Amino acid sequence: MLRIPEFRRMWIQLSLSSLGDWMGLLATTALVAQLQNSFSGQAYAIGSLLIVRLMPALILGPLAGALADRLDRRMTMVVTDVIRFGLFVSIPLIGTLEWLLIASFLVEAVTLVWAPAKDASVPHLVPRERLAAANTLSLIMTYGTAPLAAAIFTLLATISRTLGSSVSFFRDSSVDLALYFNAATFLGSAIVIWGLKNIGRAARPDTGPEPGFLASITEGWRFVGQDRLVRGLVVGILGGFAGAGCVIALGRLYVGILGGGDSAYGILFGAVFVGLAGGMAAGPKLLGDYSRTRLFGVCVTGAGITLVIVAIIPNLVIACILVVAVGAFAGVAWVTGYTLLQAEVSDELRGRTFALVQSLVRVDLLLVLAVAPALVGLIGSHGIHLWGDITVRADGVTVVLLGGGLLAVAVGLFAYRQMDERVGVAVWPELWSALRGRKPAPTRPRHSGLFVAVEGAEGAGRSTQVELLRSWLAASGREVVVTSGSGATATGARLRELLFDPSAHLHPRTEALLAAADRAEHVSRVIEPALARGAIVITDRYVDSWVAFQCASRSVDAAELAVLAQWATQALIPDLTVLLDLPAELALPPETGVTPQFLAGEHDGARAHADADPATATATDAAINGIGGKPGVEPGRGSGDRSGEEIGAEVLAYRRRVRDGFRRLAQEEPARYLTVDATRPRDEIHAEVRAIVAGRVKRRAAPLGA
Ligand SMILES: Nc1ncnc2c1ncn2[C@@H]1O[C@H](COP(=O)(O)OP(=O)(O)O)[C@@H](O)[C@H]1O
Ligand SMILES: Cc1cn([C@H]2C[C@H](O)[C@@H](COP(=O)(O)OP(=O)(O)O)O2)c(=O)[nH]c1=O
């Protein structure tokens with residue numbers, strides 16, 4: 001990561017700035033205390049300092065983001081760094097409490113403009129797929145420099161105390177030295193950023209004149225409100241911070257209830273940070289390429305669940321262990337969320353989005369820090385007697401922690417649902433295989449189209465339903481693309497010819513690869529471009545048919561085929577798959593229009609469209625041979641002098657396997673499938689399909705600006 005020179009420079013600069021920031025925080029706090037004599041005066045002044053530092057975010061946050069999106073980012077960072085340098089130098093020079101507060105306010109306000117400019121520029125310096133690693137490094141340096149700053153500050157204090165008695169310059173100057181050091185880091189930062197020529201102004205697409213300043217702020221807000229992914233992220237981040245805020249606000253009280261003292265509190269806090277750092281550093285690596293959008297929701301939920309357990313279990317040791325997990329979940333969620341925001345928010349909106357998130361986070365934290373202890377006080381401490389000696393703790397701390405945990409769970413689930421782009425891919429198996437180092441399916445770019453597949457046996461009524469659905473959707477004015485799961489492209493058609501050529505005697509693996517090639521063409525040339533345009537794509541058969549048919553006839557492993565299919569289609573999964581489920585006895589090759597004789601009488605008229613001539617054994621044979629050229633249909637081929645009945649039985653068994661194959665696929669992902677009884681009247685089936693498709697069309701957020 002650090003081999004990218006531009007990023008390395010930025011990273012060094014960020015580390016220095018963080019170090020400076022922490023020292024500045026320590027120094028200003030110490031200075032405030034020095035400037036006041038009475039204890040309550042000190043407490044009051046420190047309180048004012050914190051408020052002063054939080055205020056700009058509340059008032060100026062959105063403004064700052066819009067500003068950062070309009071100005072040249074490099075110049076913004078350079079100028080704000082120089083201003084902060086000046087402000088920090090002025091604090092010890094002027095040396096009054098009033099100026100300290102004013103300067104702190106100004107520093108914070110300037111930082112507000114600087115931070116979104118910085119966050120928005122990182123994606124310019126680092127390739128997209130390495131953003132997560134970049135963020136992990138940055139965040140580790142941001143928080144990892146805190147103990148270093150504390151150590152340096154202590155060292156400075158010691159030096160000035162020992163030297164202060166002899167050399168007057170050093171008297172009372174640990175704070176000043178820290179402030180000068182801080183000022184110097186900003187100057188250094190300005191110089192480093194000056195050298196980063198690659199980051200410029202936010203890219204704005206050529207869509208006429210720029211909106212006014214206010215309009216650009218509302219544009220940012222609207223974006224966060226409308227975009228499913230960003231909305232999920234923001235809600236998740238706020239929930240996560242609310243949970244963390246609960247822990248910070250109540251940690252000491254919680255430890256007290258469990259009979260621990262200050263050192264236990266220290267350990268508890270340390271545990272959170274160990275988890276946090278571990279999660280940030282190891283989480284993204286450990287989970288390889290697991291879907292980031294999912295990871296975020298899963299981790300916020302996980303943190304919530306663990307927090308709930310911490311609230312309920314009255315044991316300090318277990319709590320300390322669990323709190324490591326809370327921290328780790330939070331750490332992974334934080335890196336992931338941050339990276340997603342950088343990667344998924346378009347360049348022109350990024351500054352505003354980050355600024356908005358930062359302001360919201362601060363408001364959120366402030367509220368929680370104020371409300372949580374108050375709530376605890378209100379609730380007080382009770383024990384609820386259940387029966388006998390069993391008492392349940394119902395003190396304020398437990399209740400509020402429990403509430404915080406539950407909130408995080410709810411918010412995590414919400415975020416997960418909002419952001420999930422992999423509807424239909426089961427959560428746990430994917431997570432599990434990611435943990436074992438398997439490469440998961442790639443996350444696909446988002447599109448505003450809708451992808452519907454219709455599957456089912458021969459003659460199940462797929463074409464009929466596809467056509468009904470097409471004409472209904474077309475009436476709504478949306479672009480509808482109807483396509484077919486095999487042989488839909490020029491190359492695909494040639495492949496299909498080969499696949500359906502009985503004289504080719506394809507090996508099952510060859511067959512699978514040719515089928516995969518056909519699907520790859522289909523997805524990349526037909527389906528993907530249509531979805532990218534926002535069209536509704538309906539395909540008559542998709543991967544399921546391939547898997548169901550090939551697995552029914554040859555000894556290919558369904559799981560292996562699924563991996564191949566996922567690779568070939570780049571994991572493009574339909575938003576909805578309609579499975580027209582027809583009993584094997586009724587599945588017919590419509591082109592031959594044959595009712596196999598051995599079935600006659602058994603299923604008479606259960607389905608009206610068995611409109612064929614009364615069949616004979618030879619016709620059955622012909623029918624089978626009709627499909628015999630199709631991939632996978634072994635039974636009947638080369639059957640020599642076997643009787644029609646034998647062949648029929650084989651065909652039936654084969655079709656049962658096909659049907660079972662379809663049904664198994666549907667059972668694995670019930671959320672994505674609509675399985676309908678294909679013997680029902682076609683209009684009834686259509687109505688059911690239509691209702692679901694209508695819901696999906698509505699749920700899919702309209703593209704921004706549409
Ligand atoms: N729900 C239904 N009930 C009875 N007959 C149907 C139904 N749906 C379609 N059919 C008829 O069954 C035959 C095969 O339907 P088709 O849509 O071509 O199937 P597929 O595309 O699955 O091969 C056609 O003659 C069609 O009119
Ligand atoms: C798509 C596909 C079809 N088939 C079989 C299923 C059908 O019996 C036959 C023809 O399928 P298809 O051409 O899709 O049309 P229909 O079901 O409308 O006749 O080929 C396979 O064996 N493997 C496949 O991958």
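**Group meeting: cores, a surface patch and salt bridges**

The protein I am showing today exposes about 32,000 Å², and carbon and sulfur atoms supply 64% of that area, with accessible areas taken from the Shrake-Rupley method with a 1.4 Å probe, where for residues only the protein chains shown count as cover. This is a predicted model, in which local features need pLDDT of at least 70 and side-chain atom pairs count only at pLDDT 80 or more, while totals for chains, interfaces and linings use all residues. Residues are numbered from 1 along each chain as its sequence is written, chains are lettered from A and ligands numbered from 1 in the order in which they are written, and side-chain values use heavy atoms, with hydrogens and water left out.

Let me begin with the overall picture. There are 22 helices and seven strands, where helices (H or I, at least four residues) and strands (E, at least two) are DSSP runs numbered from the N terminus. Of the 706 residues, 49% count as buried, and buried here means under 20% relative accessible area, with exposed over 50% and partly exposed in between.

What is at the centre of the largest nonpolar core? By a nonpolar core I mean a set of buried Ala, Val, Leu, Ile, Met, Phe, Trp, Tyr and Cys residues joined through side-chain atoms within 4.5 Å. The largest one has 36 residues, and those with the most contacts inside it are Ile527, Tyr542 and Trp546. Several elements each supply at least two residues of this core, among them strand β3 (450-456) and helices α18 (543-553) and α21 (644-668), but the largest share, eight residues, comes from α17. If we leave aside neighbours within four places in sequence, Trp546 is in contact (heavy atoms within 4.5 Å) with residues including Ala512, Arg519, Cys551 and Leu564. A second, separate core of 30 residues includes Leu233, Val335, Tyr338 and Leu356.

Helices α2 (39-70) and α12 (347-379) each supply at least two residues of the patch, and its largest share, six residues, comes from α12.

Turning to charged pairs, the structure holds 13 salt bridges, each being a side-chain nitrogen of Lys or Arg within 4 Å of a carboxyl oxygen of Asp or Glu. Asp81 and Arg84 form one of them, at 2.7 Å from N to O; they are three residues apart in helix α3 (residues 73-94), and so are separated by about one helical turn. Asp81 is buried at 0% relative accessible area, and Arg84 is likewise buried at 0%. In helix α17, Arg525 and Glu521 are four residues apart and meet at 2.9 Å, N to O, although Arg525 is exposed at 57% whereas Glu521 is buried at 19%.

Which parts does the salt bridge between Arg663 and Asp581 tie together? Arg663 lies in helix α21 and Asp581 in strand β6 (residues 576-581), so the pair joins parts that are 82 residues apart in sequence. Its closest N and O atoms are 2.5 Å apart. Arg663 is partly exposed at 31%, Asp581 is buried at 10%, and salt bridges that share partners join Asp581, Arg659 and Arg663 into one network.

Notes
Buried < 20%, exposed > 50% of the residue type's maximum accessible area, 1.4 Å probe, protein only.
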